[in-house]
Amino acid sequence: MPPAPRRAPAPRPAAAPAAPLLLLVLAVLVLAAPGWARGSPRGAAGGLPADAAAATAPISIMGLMPLSPAEEDQKSKIGRGVLPAVQLAMDQIRNESLLHPYFLDLRLYDTECDNAKGLKAFYDAIKYGPNHLMVFGGVCATVTSIIAESLKGWNLVQLSFAATTPELADKKKYPYFFRTVPSDNAVNPAILKFLKYYRWKRVGTLTQDVQRFSEVRNDLTDVLYGEDIEISDTESFSNDPCTGVKKLKGNDVRIILGQFDEQMAAKVFCCAYDEEMYGSKYQWIIPGWYESSWWESWINSSQCLRKNLLTAMEGYIGVDFEPLSSKVIKTISGRTPQQYEKEYNAKRGDGQSSKFHGYAYDGIWVIAKTLQRAMKYLNATNRHQKIEDFNYTNHKLGKIFVDAMNETNFFGVTGQVVFRNGERMGTIKFTQFQERKEVKVGEYNAVADTLEIINNTIRFQGVEPPKDKTIIQEQLRKISLPLYSILSALTILGMIMASAFLFFNIKNRNQKLIKMSSPYMNNLIILGGMLSYASIFLFGLDGSFVSEKTFETLCTVRTWILTVGYTTAFGAMFAKTWRVHAIFKNVKMKKKIIKDQKLLVIVGGMLLIDLCILICWQVVDPLRRTVEKYNMEPDPAGRDISIRPILEHCENTHMTIWLGIVYAYKGLLMLFGCFLAWETRNVSIPALNDSKYIGMSVYNVGIMCIIGAAVSFLTRDQPNVQFCIVALVIIFCSTITLCLVFVPKLITLRTNPDAATQNRRFQFTQNQKKEDSKTSTSVTSVNQASTSRLEGLQSENHRLRMKITELDKDLEEVTMQLQDTPEKTTYIKQNHYQDLNDILSIRNFTDSKDGEKAVLKNHLDQNPQAQWSTTDPTRTNKDPIEDINSPEHIQRRLSLQLPILHHAYLPSIGGVDASCASPCVSPSASPRHRHVPPSFRVMVSGL
């Protein structure tokens, strides 16, 4: 314990006679009680033990701090708590004779943390006390700033151990002010280092509207400026922080830098709990100088449940200066910080403790070292001037003290003691609130500008540190590789099938079955189908397979390939359907010769239109790669990120216009093709053996393209569905078309290779007969296309029609005779067969010209002898009339007429040559069979 206090000297009167009395009082005080001395109510003075005072000359230091014994005064607790540390330092300095032959005489003056009382104590010390070489102390910011501003006029240097207000860092305003405790602004470089350590580049601030906190925030803004760290939102409040907390959340601020006192801290965390701004996604960084268990005192004012408040507080980071160094290194006093702490605790006993005691201890050593350097400087430069010659008007000595203090550099119990523009470059600690207690997790050394995070001490609420913002991870909506593989395999099978059909078509191109179906047009259908197949590979390639530049090139290539492939295949089917329609549906067209070359011209014209559109499209407004972004989605894996799906498109500036042109052109072509297919739906032409299937293909392509285009547009935000639909539509259309065109040919050629030449008759359905009963269309062979011959056939046809009228009468007479006398059958057979043959052959010839399609069964080919056998002798005794009208006689008459009609009909259309042997008569007995020249035969070929 310090020695009993003694009275300080009474105020010095102005008159000289009072001086002896003053000296007497001082002598009595010194002899009465060495140690700390209490002065008058204006202040207090302290000195050293009497033995030291007797041996050396004192160096007076003015001590300004609150010393009031009131328990509720927190600032007074600081003053009383540092006195044991000051006493330790002064004792050690005296024992080391650091200032020999002088000793420090610290005279304490109670400022009571009041501006008026503090200023009065300062002036009383100057007026009534000895010449103080320095001022030690300054706890309350307002009192300290007032006194510090006037120091230059008195040539006094002040050293504070507890004034942390940033305002005192202004050296223009406070040039003679120093402090061993770091400023509140000293935490900002540490915060910067901490933010960089965890790579947080986006923060927000929440500040209480108090000058102290506003100054720290402003300095923090300057520190972060230019360091690639964005302050995305700055909020302040007076009493209700909830509005600012909501705005921070609305701006997606995850790292919040707070500046507020304990009372407001409770309210802030209560609001944070209500807004769910806590846990693994958020990190609060606030001042670390709050008292232990500070929330207990303010939990009621926060209007928040204790459990909720502690939940929101869990994991916050506190930043404050380090009271004592954690390094086990001997300090300037020869003791380690840990040894000093033990001595301090023993010295104070049950007395008040203060976290500033280490800075007060180092402050006494700073003063002693400063005076020591000043003494050395005076001894080296001016031997006639001593340190005790200092007075308040001695500007030279005052400047020497300032320069000597700026040169301070030693390791104290609070770390390396160095000043930079009067500011202490100290150590900043980081603590974390873990399970209702503060745990040190890191340390920042301002001198070395290094940050040390203690291993395995900091605990974040999640598996990793929070993100400084909602991490938006762009995720390309890409086509599934398994889906692409499956559809590619189907496409390859389709291309193999198309290649097989192409080989089949080329190999059998001279077969009449293939030749009549226009093999060149079939090749175009195959080529268009293969191009359409190839486009599927390109549609499935997106940003996951190719680069952006390659994708942009694919946009153009796949459009060209699909367009040309569609036009080639559909154009060929359209041309073939048009030819069938032109020949069989246009009643005004008399004689029509449509060669394959004309169909190729039609397809070429369609392709030319396509090329014009595509070239203009590419030159004027080419396709570009565009990215469409969708709304954010939570991470399926539960990570602290949000997924923003993006989708690649091939688009340009006027996409709607170009698509409208293409769709209009293709749509009109498709509608016209469907119309032609509908019009020729009832035409079945063996010579044109695939006309019906071509029509079906046109229907198929038209309907599927409409459906595919519509569904593809509706699913443009789902690439897998869109690609699947587009690919399946292309595969289905191409495969069905190729199969309809080539599979029937393949089957027919395999089962009946001669089917194309055995029956070349025109066959029409019942509905077609009604429509065409009044029309007669002359179809000519491509190889026999002479107009004059056709005109000759028409004139001959007219002549034969006239003759048939006459012969019909003869046929009627013969028929009547057959009904009257069955015995005359033999006579009729012998004498009238030639006339019957003439009549039927002529009739069938003319009727075939009119488009009739009667089909006769050739009984003669089956049993020619039985057809011409005589009447059964067992029936000769029956009644003649009954016998001739019996079913047996009627069957016999039909067996006579049908072969005649059959053999008369076939030569007229080229089915059986006129020179062939007749089953009923010899070739020489049937001259009428040879009267039709071969040039009169009508064949359809090359269609």
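These questions and answers go through a predicted model of one protein chain.

Me: How many helices and strands does the protein chain have?
Reply: The chain has 943 residues, and 48% of them are buried. Its secondary structure comes to 32 helices and 24 strands.

Me: Which strands stand at the edges of the open sheet of 5 strands?
Reply: The order of this sheet is E4-E3-E5-E6-E7, with parallel pairing. A strand at the edge has a single partner strand, so one side of it is left without a neighbour in the sheet. The twist from one strand to the next averages 25°. The edge strands are E4 and E7.

Me: Which residue is the bridge partner of Val135 in E6?
Reply: Strand E5 (residues 134-137) pairs with E6 in the parallel sense, over 3 bridges. Met134 stands opposite Val157 in E6. For Val135, the bridge partner in E6 is Gln158.

Me: Which residue in E7 does Leu159 stand opposite?
Reply: E6 also pairs with strand E7 (residues 177-179) in the parallel sense, over 3 bridges. In E7, the residue opposite Leu159 is Phe178.

Me: Are the residues Val157, Gln158, Leu159 and Ser160 of strand E6 buried or exposed?
Reply: In a regular strand the side chains alternate between the two faces of the sheet. In E6, Val157 and Leu159 point one way, and Gln158 and Ser160 point the other way. Buried means under 20% relative accessible area. On both sides of E6, these residues are buried.

Me: At about what angle to E5 does H14 run?
Reply: Two helices can be described against this sheet. H3 lies across strand E3 (57-65), E4 and E5, and runs at about 170° to E4. H14 lies across E3, E4, E5 and E6, and its angle to E5 is about 165°.

Me: Which residue in E15 is the bridge partner of Phe419?
Reply: Strand E14 (residues 415-420) pairs with E15 in the antiparallel sense over 2 bridges. The partner of Phe419 in E15 is Arg424.

Me: Is Asn421 buried or exposed?
Reply: Asn421 is in the loop between E14 and E15. Its phi is near 60°, a positive value in a residue other than glycine. Exposed means over 50% relative accessible area. Asn421 has 58% relative accessibility, so Asn421 counts as exposed.

Me: What is the relative accessible area of Asp252?
Reply: Most residues other than glycine have a negative phi. Asp252 is not a glycine, yet has a positive phi of about 60°. Asp252 lies in the loop between helix H9 (242-250) and E10. Asp252 is partly exposed, with a relative accessible area of 24%.

Me: Is the peptide bond from His100 to Pro101 cis or trans?
Reply: Most peptide bonds are trans. Pro101 sits in the loop between helix H3 (74-95) and strand E4 (102-110). The bond from His100 to Pro101 has omega near 15° and is cis.

Me: What is the volume of the largest cavity?
Reply: A search of the whole structure finds 10 cavities of 30 Å³ or more. The largest cavity has a volume of about 220 Å³.

Me: Which element supplies the largest share of the lining of the largest cavity?
Reply: The lining has 24 residues, and those nearest the centre are Asp184, Val187, Val216, Gln259 and Pro287. By class, the lining has 13 nonpolar, 7 polar and 4 charged residues. The largest share, 5 residues, comes from H8.

Notes
Residues are numbered from 1 along each chain as its sequence is written. This is a predicted model: local features need pLDDT of at least 70, side-chain atom pairs count only at pLDDT 80 or more; totals for chains, interfaces and linings use all residues. Side-chain values use heavy atoms; hydrogens and water are left out. Two strands pair if DSSP finds at least two bridges between them. Helices (H or I, at least four residues) and strands (E, at least two) are DSSP runs, numbered from the N terminus. On a 1 Å grid over the protein atoms alone, a cavity is a set of points where a 1.4 Å probe fits but cannot get out, and a pocket is an open set with protein on both sides within 12 Å along at least five of seven lines; lining residues have an atom within 4 Å of a point. Grid points are joined across faces, edges and corners, and a volume is the space filled by probe spheres set on the points. Ala, Val, Leu, Ile, Met, Phe, Trp, Tyr, Cys and Pro count as nonpolar, Asp, Glu, Lys and Arg as charged, and the others, Gly among them, as polar. Buried means under 20% relative accessible area, exposed over 50%, partly exposed in between (1.4 Å probe, protein chains only). Axes are lines fitted to C-alpha atoms, for helices over the stretch in contact, and angles run from 0 to 180 degrees between N-to-C directions. Contact means heavy atoms within 4.5 Å.
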